[in-house]
Amino acid sequence: MNMNYKPNPENLVEVNDLKMYFPIKTGLFSTTPLKAVDGVTFAIKPGETLGLVGESGCGKTTVGRALIRLYKPTDGDVFFDGKRVDDKSILGLRKDMQMVFQDPYSSLNPRMTVEDIIGEPLDVHHLYTSKADRREQILHLMELVGLNAEHATRYAHEFSGGQRQRIGIARALATNPRFIVCDEAVSALDVSIQAQVINMFEDLQKKLGVAYLFIAHDLLVVHHISKRIAVMYLGKMVETADADELNSNPMHPYTTSLLSAVPYPDPKIAKSSKRIILEGDVPSPLHMPSGCPFRTRCKYATEQCAQEMPKLTDRGNGHMVACWNK
Amino acid sequence: MAEEKNILSVVDLHTTFATDKGEVMAVNGVSFNLAAGKILGIVGESGSGKSVSAYSIMQILEKNGSIKSGQILYKGEDITKWPESRMRDFRGKCCSIIFQDPMTSLNPVFTIGFQLKEAIKLHTNRTGKEVEKRAIEMLELVGVNEPEKRIHQYPFEFSGGMRQRVMIAMALACEPDILIADEPTTALDVTIQAQILELMKDLQKKLGMAIIMVTHDLGVIAQMADEIIVMYGGRVCERGTAEDIFYRPCHEYTKGLLRSIPNIDSMGKRLEPISGTPINLLNMPKGCAFCPRCDAAMKICLEQQPPETRTVDGHLASCWKAIQAEIEAGMIHVEAPGSGT
């Protein structure tokens with residue numbers, strides 16, 4: 001932790017060199033740290049959406065969870081609205097930082113009615129004056145996410161996936177947060193329903209000015225919803241840029257191959273485009289390669305890549321890349 | 001129906017599941033032809049009956065499911081009438097399937113080699129050393145490094161992409177004419193997905209089998225399929241070449257589906273989702289299955305199922321709206337519903 005770090009007052013959320021290691025038992029007495037997130041830095045402005053992409057196991061979910069302190073980060077600084085987020089301050093800040101989870105089936109308590117699910121954050125943070133006020137707030141939230149008032153007394157299992165996700169979003173909005181971590185919030189939904197929920201996220205942002213950290217693996221969805229995109233690989237951030245810039249001018253070899261692997265829903269593009277097929281698999285995070293983690297699959301890898309991890313450097317217009325060769 | 005080049009024809013297939021709440025009509029009259037050496041894509045959302053259609057061909061439905069009517073013609077013979085013993089020969093040798101989840105489709109307590117060899121021994125007349133040789137050969141074919149070593153390893157020692165390669169090796173070990181791939185890359189990451197899709201295409205060219213690709217991912221289907229079937233509510237909405245479906249969609253559902261996916265140039269624009277929720281297969285509407293969610297629905301859509309007709313540009317769709325366009329274009333005269341093409 002760097003106690004002297006001063007956050008930029010323009011940023012709503014600022015993360016500096018965040019590290020999250022999990023101890024893994026590797027023998028009777030020995031443990032090895034699994035470096036799920038290893039030095040991630042980014043910032044989100046009020047009302048902005050940052051997309052976080054990467055493949056499974058790259059640590060994108062861990063970033064989201066460590067950010068709102070569902071995990072206690074091993075090292076690094078997280079600031080919200082200029083205030084350092086630590087064990088003490090988070091209790092006051094949770095109201096402003098909420099989360100929407102991937103799985104609308106397991107993130108809602110099956111024994112609670114919709115009214116109680118959405119009302120729970122209000123109870124926890126004492127955000128109502130009377131029973132009638134609580135009910136009114138809940139109905140307002142339900143209307144906001146497109147649920148009918150008569151749904152209030154039903155249980156979660158009575159709803160379809162898309163509607164459950166709406167309940168989860170209403171719950172996250174209950175405390176009137178300024179920042180929501182959306183962890184694969186639309187991944188489990190069918191395309192037609194996914195579009196409904198994406199539109200809702202965008203409408204809510206316009207209406208309420210919330211900022212999102214939008215974590216997803218679907219690059220087309222992330223590109224659609226985000227202003228800026230950050231790409232992660234094995235716990236490290238390899239590139240961040242404006243969404244359009246990243247799409248048209250990817251610099252890091254990993255980003256390039258990731259973008260080329262996206263199956264575009266257009267037969268001409270899909271069948272003609274040259275795909276850069278990456279060899280092999282992602283290395284185990286327990287046996288991380290030295291230097292740049294991507295070098296084992298990178299065709300540009302040199303001696304230098306094996307020795308030292310390149311730093312994220314600005315290549316103009318806030319396009320940050322961590323690569324020795326590009 | 002079964003012309004020579006069609007290796008598999010499905011004719012008016014109805015598959016239902018008996019549940020406590022009543023009979024679930026998962027597949028309601030699906031017909032299609034699969035030409036030898038072609039890739040047929042079946043696309044649809046969850047509950048559209050795409051997987052059940054595939055499982056019906058293999059006859060690997062759950063116990064409460066059954067094929068109510070219809071024919072499945074493999075090289076002209078109706079396999080729905082075959083006894084189980086003959087079906088066992090059919091599976092693997094004539095038609096193989098790979099499943100969505102490579103994590104659960106392999107048995108964790110046996111080595112990869114054992115499971116591969118089991119399939120080879122069952123379906124071919126190779127013995128002893130030949131079986132092992134074939135297993136190694138297959139692993140090599142699907143791009144598993146050091147196959148001699150890997151065949152002694154257990155599934156947990158393989159990554160997701162590698163397991164899916166093993167599944168493909170297993171499916172292809174007996175040189176089937178047809179490979180059914182049920183969401184083969186849905187559980188995989190994009191870069192791994194690209195590897196697997198590329199591999200499937202290569203193998204298809206090399207071995208010349210036909211592939212039925214079942215998926216919800218329009219991107220995957222655009223990349224892989226020669227012909228596409230769009231399904232909704234257990235029925236075929238629209239069929240045609242990949243270009244027909246993506247560039248000239250005629251069914252309102254296909255149009256809606258294509259509008260609702262984010263595209264390269266949709267940044268900053270609003271997506272246009274299909275309103276409402278997928279239909280309940282327990283009580284199917286009398287008319288068009290998509291009608292409750294369709295913005296362009298007309299009175300006839302509520303009352304009658306649209307017949308499949310040739311659209312203005314020559315592929316097939318089952319939509320009253322498309323039929324209206326055809327009538328306006330003077331292509332067809334008004335005919336009795338159900339008379340089809």
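A salt bridge is a side-chain nitrogen of Lys or Arg within 4 Å of a carboxyl oxygen of Asp or Glu. By that rule, chain B and chain A share 1 salt bridge. Asp203(A) pairs with Arg270(B) in a salt bridge, the closest N and O atoms being 2.5 Å apart.

This is a predicted model, in which local features need pLDDT of at least 70 and side-chain atom pairs count only at pLDDT 80 or more, while totals for chains, interfaces and linings use all residues. Residues are numbered from 1 along each chain as its sequence is written, and side-chain values use heavy atoms, with hydrogens and water left out.

The contact (heavy atoms within 4.5 Å) takes 41 residues from chain B and 38 residues from chain A. Between these chains about 3700 Å² is buried, and carbon and sulfur atoms give 58% of that area. Buried area here is the accessible area (1.4 Å probe) that two parts lose on being put together, summed over both.

Over all chains there are 15 aromatic pairs. Rings of Phe, Tyr and Trp (its six-membered ring) pair if their centres lie within 6.5 Å; planes under 30 degrees apart count as stacked, over 60 as edge-to-face and the rest as tilted. Two of the pairs are tabulated.

| Pair | Centres | Planes | Class |
|---|---|---|---|
| Phe80(A) and Phe179(A) | 6.5 Å | 40° | tilted |
| Tyr74(B) and Phe90(B) | 5.2 Å | 80° | edge-to-face |

Conventions:
Chains are lettered from A and ligands numbered from 1 in the order in which they are written.
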